[in-house]
Amino acid sequence: MAGVMERAPQVRGGKVVFDLAELPLREVNQFLHQDLRAAGVKEVRVLNPDGAHSIAVGLDAPVHVDIEGHAGYYAAGMNQHASVTVHGNAGPGVAEGMTAGEVRVKGYASVSAGAAAHGGLLVIDGDAGLRCGISMKGIDIVVGGSVGDFSAFMAQAGTLVVCGDAGDALGDSLYEAVIYVRGKIASLGADAKVEPMTEEDCVRLGALLKKAGFAHDPKSFKRVSSARTLYHWNADANQEY
Amino acid sequence: MCGIVGLLVKKPELRERLGELMMPMLLGMTERGPDSAGLAVFTAPVAEDWLKFSVYCAKSGFDWIVFEDAARHALGKDTRMSVQANHAIVESTAPAEQVKDWLKQAWPQVHLLSVGQRIDLYKDTGTPGEVAARYDFAHLKGTHLVGHTRMATESAVTPAHAHPFTAGEDWCLVHNGSLSNPYSIRRKLEPLGIEFDTDNDTEAACRYFEWRMREGDDLPTTIHKGFEELDGFFTFLMGTRDELALVRDAFACKPAVVAENDQYVAIASEFRSLAKLPDIKNAKIFEPAPEEIYVWRA
């Protein structure tokens, strides 16, 4: 398929730079979706993101994208194979729906980071807002700072690692996702419980921390998982959980 | 959906450029609120015994000269007025109640938007760019301002339904979100003699705050009582004669970003409204926590 951009970007040594101060985001995303492979591009820099929505969403090629500033809603959402680094803060829903690949946020991430994502790795160097990892389905999320209330709400599979503190109602209505928290937990959600760290947990967590670039001792974390009391309807509970 | 912006300048020399600095902020919120826009700016105060009144008349070609003559006759010869499109700012030594009664009886088509010694208020339908051009927002001067772009979800698109809403003197409120119990609040307040101008949900919050402050609560107490009474989603930004105050609901359902440096405090629903501010790269940027009250003093 022919390129969609009016002006062909200058590709040098497999690298290309887009400046969102000059180019509409739609053209950049269309290049990333349709022209990337043919142009042999392996590295992309996006300048002046200035909080634009949906930067580098739906990437399905093994490319590295550097977003040089703060991103708005849904940055790197639905990622499949790319590695995307936000050199700033990310707005709501960063890496939501990701299936594979890697997304890194150098600053903080707003609400619903990694929401409903099936796979891949999301690393947030700073804090994450409320509902981090809500309904996650297999993604690994490592947060260098703290997470807000209702994080890992209804999380089904995958791992949420919190190097700082967790807010209220952590892991409410958890399924089989596992949460590791290094700091304080303000409160656990319904059906979430703290369990002892096993040797297996330490190995799994150690590998994730190393991949994410954090040097914490896995033994300094607590494990939170589902007590599985909500798995079956209990008519006698009278809606009290 | 709606967009919120707030700007408070810390250096006196920036007061001359308040409107100019704010313009990209308001325009950046166009997608969040394309149907109406409004703004309250807090200026240098009028003299001690004076008040200023922002008024609005929807009728195009309204004869403001006749209105001004009538104002001088009714409110005193020293009454002054400046007109900008459908808005005018009336400055008078007459008491607020006298001005309100006079407007209600003699000029029902002229709506009172704000009263105070510092506040000027403009709001109208149209895109933020259109409204800003109509009322020359770019040249506004002052210490701080509160702005809003509206995408109506619960009541009509009219100038009266646009934000900010005001209560008492030198106080205003803008809102991103929606309240689910505005009518029960209204049913509670109307028997207490509190009057509503519209059926807008934000006005219900505004009248609730007005009532609490009238009863003697300070702003933090008023807001804490609001957490109990107001059901729904909100980011509220309030302007007082010398403060900006910001608060989000318990679930942080509606966004807000703050940028602060030694020149200004800037608040917006999203970072894209802050991106054009001078020296933004070196500002401290954070998201306000839910149910925490943030106050900045001019």
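**Exercise 1. Describe how helices α2 and α3 of chain B pack against each other.**

Step 1. Helix α2 (residues 64-75) and helix α3 (residues 96-106) of chain B have axes that come within 11 Å and cross at roughly 130 degrees. Helices (H or I, at least four residues) and strands (E, at least two) are DSSP runs, numbered from the N terminus. Axes are lines fitted to C-alpha atoms, for helices over the stretch in contact, and angles run from 0 to 180 degrees between N-to-C directions.

Step 2. This angle makes α2(B) oblique to α3(B). Angles under 35 degrees count as roughly parallel, over 145 as roughly antiparallel, 65 to 115 as roughly perpendicular and the rest as oblique.

Step 3. The two helices, α2(B) and α3(B), cross in the right-handed sense. A crossing is right-handed if the near helix is turned clockwise from the far one by less than a right angle, and left-handed if anticlockwise.

Step 4. From α2(B), the residues Ala70(B), Ala74(B) and Leu75(B) meet Gln98(B), Val99(B), Trp102(B) and Ala106(B) of α3(B). Contact here requires C-beta atoms, placed from the backbone, within 7 Å. By class, the contact of α2(B) with α3(B) holds six nonpolar residues, one polar and no charged. Ala, Val, Leu, Ile, Met, Phe, Trp, Tyr, Cys and Pro count as nonpolar, Asp, Glu, Lys and Arg as charged, and the others, Gly among them, as polar.

The model is predicted: local features need pLDDT of at least 70, side-chain atom pairs count only at pLDDT 80 or more, and totals for chains, interfaces and linings use all residues. Residues are numbered from 1 along each chain as its sequence is written, while chains are lettered from A and ligands numbered from 1 in the order in which they are written.

**Exercise 2. State which strands stand at the edges of the seven-stranded sheet of chain B.**

Step 1. The seven strands of this open sheet in chain B follow the order β7-β2-β8-β1-β14-β13-β15, with antiparallel pairing. Two strands pair if DSSP finds at least two bridges between them.

Step 2. At the edges stand β7 (119-125) and β15 (284-286) of chain B; each has a single partner strand, so one side of each is left without a neighbour in the sheet. On average, neighbouring strands of this sheet are turned by 10 degrees against each other, direction ignored.

Step 3. Within the sheet, β2 (residues 36-42) of chain B and β8(B) pair in the antiparallel sense over seven bridges. Ser36(B) stands opposite Arg150(B) in β8(B).

Step 4. Helix α1 (residues 18-27) of chain B lies across β1 (2-9), β2, β8 and β14 (264-268) of chain B, and runs at about 155 degrees to β1(B).

**Exercise 3. Characterise the sheet of chain A and one of its strand pairs.**

Step 1. In chain A, 11 strands form an open sheet in the order β1-β2-β3-β4-β5-β6-β7-β8-β9-β11-β10, with mixed pairing. Its edge strands are β1 (15-19) and β10 (192-195) of chain A, each pairing on one side only.

Step 2. Strands β6 (residues 121-124) and β7 (residues 137-143) of chain A pair in the parallel sense over four bridges. Leu122(A) stands opposite Ile141(A) in β7(A).

**Exercise 4. Locate the cis peptide bond of chain B.**

Step 1. The cis bond joins His163(B) and Pro164(B), with omega about 5 degrees.

Step 2. Pro164(B) belongs to the loop between β8 (144-150) and β9 (165-166) of chain B.

Methods: Contact = placed C-beta atoms within 7 Å.
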